[in-house]
Amino acid sequence: MTVLQACPLLPSLEENLRATYKIVDQPGDDVVAAITSSRYGVTNEQIDAMPSLRAIVHFGVGYETTDVAYARSRGIVVSNTPDVLTDCVADLAVGGMIDVLRGLTAADRFVRRGDWRRGQFPLATKVTGRRVGILGLGRIGRAIAHRLTAFDADLSYHSRHRVSDVPYRYADSPVALAAQAEVLVVATSGGPATAGLVSADVLTALGPAGYLVNVARGSVVDEPALVAAVTTGGIAGAALDVFADEPTVPEPLLGLDNVVLLPHIASATTETREAMGDLAFGNLRRFLTDGTLLTPVP
Ligand code: 8YV
């Protein structure tokens, strides 16, 4: 069975793939399944070049880089790796929030520069008891909220659908959510449906004392508006794990101590990446065994 590996993958996953299937790196007539990461997906052009393709397996929970509707129209099923990365992404969101409010990485730079010998690090912002708005209350948004209850956060959320089984307040728009939040945490999926959801208006509603945390996708935030807001005091700061054009980070952010910049590492622990690799491989194996998937995309 021939499988297209569309991009570099976790070494242990690549090893499993090579030991089990005929792996190719270019589309061809005999390719029946493709494995890729959330970062790369599979293009429609690649799909067109694989007439026997019946499954696309993603390493990652996001799949906005693949045109799922187009794949389905060609009789191709699609999977991702939900759940196994939820804890790590939520951990990192809380870590980013603590970092930007308390200035951890900025304080670390302060010490390394030798500035402690010359004076005190400026006072920061308290984390416990903050009003936090979560944009996107899916698995990851819920896991972030769960962690923040231990910080006595006053939680509200906005999601495509109102959720009935949570005690958090619902805001009926991203602007309304930002207006009542001191910290806005972005945990939605990416893709066209959420592009630019955190607009200039949302950042204005968040205000000069507000912080933005983004562990979702850079596309969800109007990045030029965000750069303008953090450089001019429109918002107090931001913790960003994702960017519009990775690995490019807007130059004006690089010198700012009120912005925490991370290289898309929310799921990047050994434990979670291995679990993602196992689940991606499990999806592929299941498909090539009985034509079904363990975790098809909704
Ligand atoms: C990974 C992610 O960085 O799961 C996702 O959607 O963005 C991250 O876990 C990605 O899968 C690697 O391509």
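Started with the contacts of H58. Skipping neighbours within four places in sequence, I find H58 in contact with T36, S37, G41, Y63, T66, V78, S79, N80, T81 and A280. This is a predicted model, so I keep in mind that side-chain atom pairs count only at pLDDT 80 or more.

Is H58 buried or exposed? I looked up its relative accessibility and got 0%, so H58 goes down as buried. H58 sits in strand β4, which sent me to the sheet next.

What is the strand order there? I read β2-β1-β3-β4-β5, an open sheet of five strands with parallel pairing. The edge positions belong to β2 (22-24) and β5 (77-79); each has a single partner strand, so one side of each lacks a neighbour in the sheet. From one strand to the next I get an average twist of 25 degrees.

Zoomed in on one pair. β3 (residues 31-37) and β4 (residues 55-59) run parallel and share five bridges. Opposite A34 I find I56 of β4. Helix α10 (residues 270-290) packs on this sheet and touches β1 (2-5), β3, β4 and β5. The direction of α10 makes about 170 degrees with that of β4.

Checked cysteines. How many disulfides does a search of the whole structure find? I got zero. C7 counts as buried because its relative accessible area is 6%, under the 20% cut-off. C88 comes out at 15%, so I put C88 down as buried too.

Moved on to β10 (residues 211-214). In which direction do its side chains point? Y211 and V213 point one way, L212 and N214 the other way, and all are buried.

Then the partners of β10. With β9 (residues 183-186), β10 pairs in the parallel sense over four bridges, and V185 has V213 as its bridge partner. I traced β9, helix α8 (residues 200-206) and β10 as a right-handed β-α-β unit. β10 also pairs with β11 (residues 237-240), again parallel and over four bridges; here I noted L240 as the bridge partner of N214. Between β10 and β11 the chain goes through helix α9 (residues 223-232), and I logged this β-α-β crossover as right-handed.

Terms used:
Residues are numbered from 1 along each chain as its sequence is written. This is a predicted model: local features need pLDDT of at least 70, side-chain atom pairs count only at pLDDT 80 or more; totals for chains, interfaces and linings use all residues. Side-chain values use heavy atoms; hydrogens and water are left out. Two strands pair if DSSP finds at least two bridges between them. Helices (H or I, at least four residues) and strands (E, at least two) are DSSP runs, numbered from the N terminus. Axes are lines fitted to C-alpha atoms, for helices over the stretch in contact, and angles run from 0 to 180 degrees between N-to-C directions. Contact means heavy atoms within 4.5 Å. Buried means under 20% relative accessible area, exposed over 50%, partly exposed in between (1.4 Å probe, protein chains only). A disulfide is a pair of cysteine sulfur atoms within 2.5 Å. A crossover is right-handed if, with the strands pointing away from the viewer, the path from the first strand over the helix to the second runs clockwise.
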